[in-house]
Amino acid sequence: MPFAHLILLALVQGVTEFLPISSSAHLVLVPLLTGWRDQGVLIDVAMHVGTLAAVLIYFHRDTRGLFLALLASLGVRPAGRRLGDQQTAYRRLFWALVLATIPVVMVGLAFKLTGLIDMLRRVEVIATTSIVFGLVLWWADRRGATARGFDDIKLKAALLIGLAQVLALIPGTSRSGITMTAARALGFNRPSAARFSMLLAIPTILAAGGLEMLELLQLGTDAPWSDALLAAGLSFLFALAAIGGLMRWLRHADFTIFVVYRVLLGAGLF
């Protein structure tokens, strides 16, 4: 695969995976604008691995706490460590993320088995959802309170955000966008909404990657592994920059710039 092709794909996947602007809306533009053939499932898996690594490293304190919470839930307690208030909070967060992931896994599997995902991957669908859910994000960001912080995310709120995430199965909706929209509508401040959305990406990407791995196992040893390694590394770098930029932006600004971009993108696709 040409190097320029890999760079563009990794840039699109890495940046748009976590910004509330929809990666699927942008990925559909690549073949339309370039005429390139589909990159294949191996490159898709590699780019997911890269973006997953980015969120794990950026939120390394959270991911470390969640890993220890997982061990504690399994009855494993590392030697020399005691469960304090912080680890108890991470245990609650761990189960909140699990609960929030269940709806999209169940519905996503149904979409995959029925072929509905492929049926919805049309330009007019992506254009519509880019505009509609962009405006919904603007509405939620404008009316949502900012009194609730990250520690206020409990199981009920996590489930509601997880149910909203199901809408991201419709191409163009944006997984990060719809989860941040739900969190803002529930009154969580912008950095907390973004942080939970990013952490929720971990089990969601793992679930989606698991399905892709089943297809990948059929490729055999002739798969372009060198291209995949490069794609993973590039998407990691782009995703890490995107996450850091978004988190810094939301400390002092709102989502309006992303809403305007989505509306313009949808209009352009039409």
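## Contacts of Ile131

Ile131 touches Arg262, Val263, Gly266, Ala267 and Phe270, leaving out residues up to four places away in sequence; contact here means heavy atoms within 4.5 Å. Ile131 belongs to helix α8 (residues 123-143). Helices (H or I, at least four residues) and strands (E, at least two) are DSSP runs, numbered from the N terminus. The C-alpha atoms of Ile131 and Gly177 are separated by 12 Å, and these residues are 46 residues apart along the chain.

## Basis of the model

This is a predicted model, in which local features need pLDDT of at least 70 and side-chain atom pairs count only at pLDDT 80 or more, while totals for chains, interfaces and linings use all residues. Residues are numbered from 1 along each chain as its sequence is written, and side-chain values use heavy atoms, with hydrogens and water left out.

## Overall architecture

The chain has 13 helices and 0 strands. Its radius of gyration is 18 Å, close to the 18 Å that the globule rule gives for 270 residues, so the chain is as compact as a globular protein of that length. The radius is taken over C-alpha atoms, and the globule rule is 2.2 Å times the number of residues to the power 0.38. Along its principal axes, the C-alpha trace spans about 55 × 45 × 35 Å.

Of the 270 residues, 50% count as buried. Buried means under 20% relative accessible area, exposed means over 50%, and partly exposed lies in between (1.4 Å probe, protein chains only). Among contacts in the chain with a separation of 6 or more, 82% are between residues 24 or more positions apart.

## Salt bridges

The count comes to 5 salt bridges, each defined as a side-chain nitrogen of Lys or Arg within 4 Å of a carboxyl oxygen of Asp or Glu. In one of them, the side chains of Asp62 and Arg195 meet at 2.7 Å, N to O. Asp62 lies in helix α5 (residues 60-73) and Arg195 in helix α11 (residues 190-216), so this pair ties together parts that are 133 residues apart in sequence. Asp62 is buried, with a relative accessible area of 5%, whereas Arg195 is partly exposed at 24%.

Arg142 forms a salt bridge with Asp254, with the closest N and O atoms 3.9 Å apart. This pair also links distant parts of the chain: Arg142 is in helix α8, and Asp254 is in the loop between α12 (225-249) and α13 (256-269), 112 residues apart. Arg142 counts as exposed because its relative accessibility is 52%. Salt bridges that share partners join Asp141, Arg184 and Arg190 into one network.

## Surface

The chain exposes about 13200 Å², of which carbon and sulfur atoms supply 67%. Accessible areas come from the Shrake-Rupley method with a 1.4 Å probe; for residues, only the protein chains shown count as cover.

Trp95, Val98, Ile102, Met106 and Leu155 make a nonpolar surface patch of about 470 Å². Patches consist of residues with over 30% relative accessible area and no salt bridge; like charges are joined within 9 Å, and nonpolar side chains (Val, Leu, Ile, Met, Phe, Trp, Tyr) within 5 Å. Helix α6 (residues 85-114) gives the largest share of the nonpolar patch, 4 residues. Met106 lies in helix α6 and, at 57% relative accessibility, counts as exposed.
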